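Below is a walk through one model, taken feature by feature. Keep the sequence at hand while reading.

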Amino acid sequence: MDLLPLLTFVADRARINFNKKVRNVAEAQEKFLFNLLKRYKYTELGQQYKIGEIQSIEQFQARIPVLGYTAYEPYVRRIADGESNVLTSDPVVYLNRTSGSTGKQKLIPVTRRFQNILGWANLVSLGFLVHGLKKRGKKLGKNLVLNALEAPKYTQGGIEYGSAGPGVLKMGSFLYKQLFVHPLDTFKPQDYFARSYTALLFALRDCPTSIGSNFPMVILQLCNWLEEYAEALIEDIETGSIAPWLKLEPELRVSLEAQLMPDVDRAAELRSILKTEGRLLPRLVWPGLSCYTTARGGTSDFYLQRFPEYFGDIPGFGAVFASAEGTFSIYPDLDTDGSALAVETGFFEFVPPEEWDSEHPKTLRPSEVKVGEYYRLLVTNHSGFYRYDIGDVFQVVGFYEEAPLIVFRYRRGGLLSSTTEKTTEYHVTQTMQILQDKFAIRFEDFCITLSDNEFPARYLVNVELAPGYHLDDAEGFIEAFDRVLKEVHIYYQVKRDMSIPPPRLQILKPGSFEIVRRRQVERGIPAYQLKFPHISEDRSIVADLEVERAVQFGSRTA
């Protein structure tokens, strides 16, 4: 039974309903907050703060402090041990584990209501996607999605825990079968490359209309593997078998090969493309591809600069901005960076920059924010966290009806300082995006670190060139890096002119950042959740990588 037409119809109804809600954001937000307070007033934390007595938003803000994860961690540990009614009156059915790629891993309580809210947001975003594609004369069919199913893990109290993505995937497995062009078994291999290879294999045979992953870096890696393993993939399609060298569990190999019928005609078509074009690219092998879905904003924009090479003018879609801690916003169209505040997924407060260092910051409601300004975001939601500081900084770029359109820019704790300049990932990502275009090059990746044994330390611009690209004017590049970073970050300009030494460019050997990513995976970070840091005060992150060439500011070689 094909559920896609019914699903898209329901999704469009959800989109229309969302459009009604964002015409009166204040009402939707107040209703969410007081329904939640009423539901949780008899929990341990609810009684501690006497939330049943709260009659206004102002009283809520005065009674409950702004808190980070460390304040909730003791309660979460008790929940993990099996205690109930601690933070939520609803039973905790799962614990979302954050990736830990930008800090310590956290566990976030998940209730059925929490899950249903994310499901609703995904439905709304699907409605916007279908609506946007229809405007462009395109249709949505089945998808290629890069993710994984983890083996269940349980706390001492018997609560399952794990990464947010696979948890949602497993809990909605029937629905996902209707949407994927590849079998559910392709999510099950332990080996990350084997998951990607088998998903690619089925997608090359049956042709998706969209490709989706949490982060664009993962999609770029898939594009690289599509090129590198083109011959092997074509041979597997032709024979209806899976390459014997692929690291695949025996029972999964049997199951997947039983679902992979030989397709000589499709193999011949792909071999013709490879012979004519010299490579397999998504835009060539899937002419019916309507869009790709992945994160936008923050460091994602750096990777998205490389997408036209692989996807041409195929539009991108941000879907839902969500994390283990909650669901924050929904993208109302394709090829747009701003996502509309999801007004029924949590109660949201915005902290302006002048209040960031205050213990009791004055916050703004969604209607009070200004376009162009930056804010920290506080959320109260069905995890049982109140006024929770997620640690992210967003920029308001407009409004969708009354809902702010927000773009993630950087993690507040992710700063790089030689003295006191506080350079963010957004500053360096902007800089590198400008320089990629100026010098007509593309990087596989980059990371800005600080030099050892110097005070003040100089910026080390560690880069790895993408395959096929060469940086002929390396001295001009590092001088331009210094100049552009001064333009986008006034405090760098001030400190650079006063005391920070000139930066040094370090061109790393090909494959260097793949080594760094493998190390992150070995630390327990799921490969599909990698958020590689583009700034780091951890000097060891690239310390033992081979430098092909180092270029000092103002000299030809160093």
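How many cavities of 30 Å³ or more does the structure hold? This is a predicted model, and it holds 3 of them. The largest cavity contains about 80 Å³ of space. Its lining consists of 11 residues, and those closest to its centre are V145, L146, N147, R195 and S196. Helix α9, residues 192-206, gives the most to this lining, with 4 residues. By type, the lining of the largest cavity comprises 6 nonpolar residues, 4 polar and 1 charged.

The axes of helix α1 (residues 4-21) and helix α6 (residues 112-135) come within 7 Å and cross at roughly 100°. Angles of 65 to 115 degrees count as roughly perpendicular, and α1 and α6 are therefore roughly perpendicular to each other. On the α1 side, the residues in contact include L7, V10, A11, A14 and F18; on the α6 side, W120, L123, V124 and F128 are among them. The residues of this contact divide into 11 nonpolar, 4 polar and 2 charged.

Some loops carry backbone details to check. F455 and P456 are joined by a cis peptide bond, with omega at about -5°. P456 sits in the loop between β18 (443-450) and β19 (459-465).

R387 belongs to the loop between β13 (374-380) and β14 (388-400), while A440 is in the loop between α17 (425-438) and β18. Is each buried or exposed? R387 has 4% relative accessibility and so counts as buried, whereas A440 is exposed, with a relative accessible area of 60%.

Key
Residues numbered from 1 in each chain as written. Predicted model: local features only at pLDDT ≥ 70, side-chain atom pairs only at ≥ 80, totals over all residues. Heavy atoms only, no water. Axes fitted to C-alpha atoms, helices over the stretch in contact; angles between N-to-C directions. Helix = DSSP H or I, 4+ residues; strand = E, 2+ residues; numbered from the N terminus. Parallel < 35°, antiparallel > 145°, perpendicular 65-115°, else oblique. Contact = heavy atoms within 4.5 Å. Nonpolar A, V, L, I, M, F, W, Y, C, P; charged D, E, K, R; others polar. 1 Å grid on protein atoms, 1.4 Å probe; cavity = no way out; pocket = protein on both sides within 12 Å on 5 of 7 lines; lining within 4 Å. Points joined across faces, edges and corners; volume = space filled by probe spheres on them. Buried < 20%, exposed > 50% of the residue type's maximum accessible area, 1.4 Å probe, protein only.
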